[in-house]
Amino acid sequence: MNFIHLIISHLHFNFLSFGTLLAMAFLVFLSVFLLTLKNKSRSTLHLGIAFLFLSLFMLGYLYAAAVYHPIAAYHRYFTTFWVLPTIVHIGLWGFNYPENRTPRFAKGFAIGGWVVAIIAEIFFIINTYSVPKKFHFTGHYWDFDAEPISKAFGLLIMLYSVVGFIVIPAWKVIITKTKERWSILQMGLGFLVAATVPNITNVLS
């Protein structure tokens with residue numbers, strides 16, 4: 001109850017939090033639309049799950065943008081974790097579109113991606129739970145004063161992105177001989193462009 005009161009008493013909506021809320025609402029809409037389609041394919045299922053997890057990722061940024069208190073630094077537990085399963089399920093979309101020719105490999109990729117994400121998040125929490133908090137004036141948000149572990153997690157996100165947005169789409173474009181290969185190429189490039197700038201700035205910051 002004190003936690004909720006603390007958040008409410010330091011809640012300040014601005015253009016950053018409102019913009020984040022709009023993006024999150026759009027992702028929730030996309031996720032619900034895809035996940036409620038009848039007779040949906042496996043690729044559509046994984047894309048819907050990816051958008052759902054991405055909306056949870058954005059929820060962390062909404063919390064960071066709207067709460068002006070050191071407790072807002074804990075938004076990182078949302079933004080660090082949920083981005084990894086998002087990339088995993090985008091990769092699984094790539095495996096399953098237009099068909100999954102390597103189901104065992106895709107299953108191994110899914111399990112491995114989730115296991116590494118969970119272990120990395122536990123390690124991140126252990127190394128940041130009690131560290132000092134700092135306010136980024138350029139970004140208007142609170143964060144942990146833990147540069148080494150943050151940079152390491154940023155590199156892990158970049159590694160996930162290389163596999164999910166480059167390796168898997170490139171492989172599927174090569175082995176797919178039908179017109180769907182161009183859809184894979186366009187989607188892969190779209191995800192890559194959307195992820196490149198945030199990945200680089202995250203590591204550099």
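This is a predicted model: local features need pLDDT of at least 70, side-chain atom pairs count only at pLDDT 80 or more; totals for chains, interfaces and linings use all residues.

**A guided reading of the model**

His-89 has its place in helix H4. Helix H4 comprises residues 76–96. At 1.5 Å a residue, its 21 residues should span 30 Å, and the C-alpha atoms at its ends are 31 Å apart, which agrees. Helix H4 is also mostly covered, since 20 of its 21 residues are buried.

Phe-29 lies in helix H2, which covers residues 15–35. With a relative accessible area of 54%, Phe-29 is exposed, because the exposed class begins over 50%.

Charged side chains form the next topic. The structure holds four salt bridges. One of them joins Asp-145 to Lys-134, with the closest N and O atoms 3.8 Å apart. Asp-145 is located in the loop between strand E2 (141–144) and helix H6 (147–175), whereas Lys-134 belongs to strand E1 (residues 133–136), so the pair ties together parts that are eleven residues apart in sequence. Asp-145 counts as partly exposed at 41% relative accessibility, and Lys-134 is likewise partly exposed, with a relative accessible area of 22%.

Lys-134 takes part in a further salt bridge, in which its side chain meets that of Glu-147 at 2.3 Å, N to O. Here Glu-147 lies in helix H6 and Lys-134 in strand E1, so this pair ties together parts that are 13 residues apart in sequence. Glu-147 is partly exposed at 34% relative accessibility.

Another salt bridge is formed by Arg-101 and Glu-99, whose closest N and O atoms are 3.4 Å apart. Both partners fall in the partly exposed class: the relative accessible area is 47% for Arg-101 and 44% for Glu-99.

These details can now be placed in the overall architecture. The protein has seven helices and two strands. Along the sequence they follow the pattern α-α-α-α-α-β-β-α-α. The radius of gyration of the protein is 18 Å, close to the 17 Å that the globule rule gives for 205 residues, so the protein is as compact as a globular protein of that length. Taken along the principal axes, its C-alpha atoms fill a box of roughly 55 × 35 × 30 Å.

How much of the protein counts as buried? Of its 205 residues, 42% do. The accessible surface comes to about 11,600 Å², and 75% of it belongs to carbon and sulfur atoms. As for contacts with a separation of 6 or more, residues 24 or more positions apart account for 71% of them.

Key:
Residues are numbered from 1 along each chain as its sequence is written. Side-chain values use heavy atoms; hydrogens and water are left out. Helices (H or I, at least four residues) and strands (E, at least two) are DSSP runs, numbered from the N terminus. The expected span of a helix is 1.5 Å times one less than its number of residues. Buried means under 20% relative accessible area, exposed over 50%, partly exposed in between (1.4 Å probe, protein chains only). The radius of gyration is taken over C-alpha atoms; the globule rule is 2.2 Å times the number of residues to the power 0.38. Contact means heavy atoms within 4.5 Å. Accessible areas come from the Shrake-Rupley method with a 1.4 Å probe; for residues, only the protein chains shown count as cover.
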